[in-house]
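Please read it beside the sequence and the 3D structure.

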Amino acid sequence: MVQIKSVGVIGAGQMGSGIAHVCALGGYDVLLHDVSGDRIKAGITAIEKNMTRQVARNIITPAEMEAALTRIKPADELQQIGATDLAIEAATEDEETKKTIFKALGPHLAKDTILASNTSSISITRLASVTDRPERFIGLHFMNPVPLMKLVEIIRGIATGPDTYETAVNFAKSLGKTTSNAEDFPAFIVNRILVPMINEAIYTLYEGVGTVDAIDTAMKLGANHPMGPLELGDFIGLDTVLSIMNVLYEGLADSKYRPCPLLVKYVEAGWLGRKSGRGFYDYRGEHPVPTR
């Protein structure tokens, strides 16, 4: 098995910065890449902010935070990621975007580098097929927010080798995570169950069964969910929710996975949830306000 000492993370958004965060705390040297230097800086700033919160809550010590931050370095060029032992793609949930990244990275990879995707729904087998090392390719689906959530879904493609799988499991466990194995079917386990529930909640709103507040209150108090499904959709990002529903609908050819027209309309309007300031709640004021 490859001994992982360095990790390259492609994508400095919420997921990528979260993965870099936990890897640095886990003692790994981290290179963080995105399409622009500003995004990388924003990602590192977010990491520092989130670690400061952890220090305030006595989750980590100031010394651990300082040491972790020194392990994170910006990678302005994608090819720099190729020198790491493990390269994790955490770009937008779009298959062609991910394939383009892996194709571009390919010529710069070290012989033993393992490739991983943080995709939450897309076929690991298809992503691996555009690389020169499908046996060294695996799905590592971290949950959001990465520093808080304990689970990592491990997804093997049809060609993933046993050494790659064992290395990936040991790596995730070294970060303090619990792993679950998922077969390479659309959306795997968590999102195969979770995202259709969110889509059904949107249908419930669309059909006038309840308001945003009524639906979220009902699920929080009636099913003991910590967050209502519409609030959760906003937190995940409605564009990501739609992408996953499309993967399920196209991959399983079952009408029960048809994205709700209201979800489609919100994404078309740019109402993507918290990250855009508006979704099923309006986040532009002091407190979130339901939009319907």
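Helices (H or I, at least four residues) and strands (E, at least two) are DSSP runs, numbered from the N terminus. Val 264, for instance, has its place in helix α11 (residues 261–269). The model is predicted: local features need pLDDT of at least 70, side-chain atom pairs count only at pLDDT 80 or more, and totals for chains, interfaces and linings use all residues. Residues are numbered from 1 along each chain as its sequence is written, and side-chain values use heavy atoms, with hydrogens and water left out.

**Overall form**

- The protein contains 11 helices and 10 strands.
- Its radius of gyration is 19 Å, which agrees with the value near 19 Å for a compact globule of 292 residues; the radius is taken over C-alpha atoms, and the globule rule is 2.2 Å times the number of residues to the power 0.38.
- Along the principal axes, the C-alpha atoms fill a box of roughly 55 × 45 × 35 Å.
- Among contacts with a separation of 6 or more, 64% are between residues 24 or more positions apart; contact means heavy atoms within 4.5 Å.

**Surface and charge**

- Of the 292 residues, 48% count as buried; buried means under 20% relative accessible area, exposed over 50%, and partly exposed in between (1.4 Å probe, protein chains only).
- The accessible surface is about 13,800 Å², and 52% of this belongs to carbon and sulfur atoms; areas come from the Shrake-Rupley method with a 1.4 Å probe, and for residues only the protein chains shown count as cover.
- There are 29 positive and 34 negative side chains, with the centres of the two sets 2 Å apart.
- Lys and Arg count as positive and Asp and Glu as negative, while His and the chain ends are not counted; the charge is placed at NZ of Lys, CZ of Arg, CG of Asp or CD of Glu.

**Nonpolar cores**

- A nonpolar core is a set of buried Ala, Val, Leu, Ile, Met, Phe, Trp, Tyr and Cys residues joined through side-chain atoms within 4.5 Å.
- The largest such core has 36 residues, and Leu 140, Phe 142 and Phe 171 have the most contacts inside it.
- Helix α1 (residues 14–25) gives the most to this core, with six residues.
- Apart from this core lies another, of 26 residues, including Ala 187, Leu 205, Val 212 and Leu 230.
- Beyond its neighbours within four places in sequence, Phe 171 has contacts that include Ile 4, Val 7, Cys 23 and Tyr 28.

- Asn 199 lies in helix α7 (residues 190–206) and is buried, because its relative accessible area is 2%.
- Leaving out residues up to four places away in sequence, Asn 199 touches Met 245, Arg 258, Pro 259, Cys 260 and Leu 263.
- Val 264 counts as partly exposed because its relative accessibility is 26%.
- Val 264 and Val 289 are 25 residues apart in sequence and 21 Å apart in space, C-alpha to C-alpha.

**Backbone geometry**

- Most residues other than glycine have a negative phi, and most peptide bonds are trans.
- A cis peptide bond, with omega about 0°, joins Asn 144 and Pro 145; Pro 145 lies in the loop between β6 (137–142) and β7 (151–156).
- Asn 58 has a positive phi, near 60°, and is found in the loop between α2 (37–56) and α3 (62–71); at 70% relative accessibility, Asn 58 counts as exposed.
- Phe 188 has phi near 60° and lies in the loop between β8 (178–182) and α7; at 6% relative accessibility, Phe 188 counts as buried.
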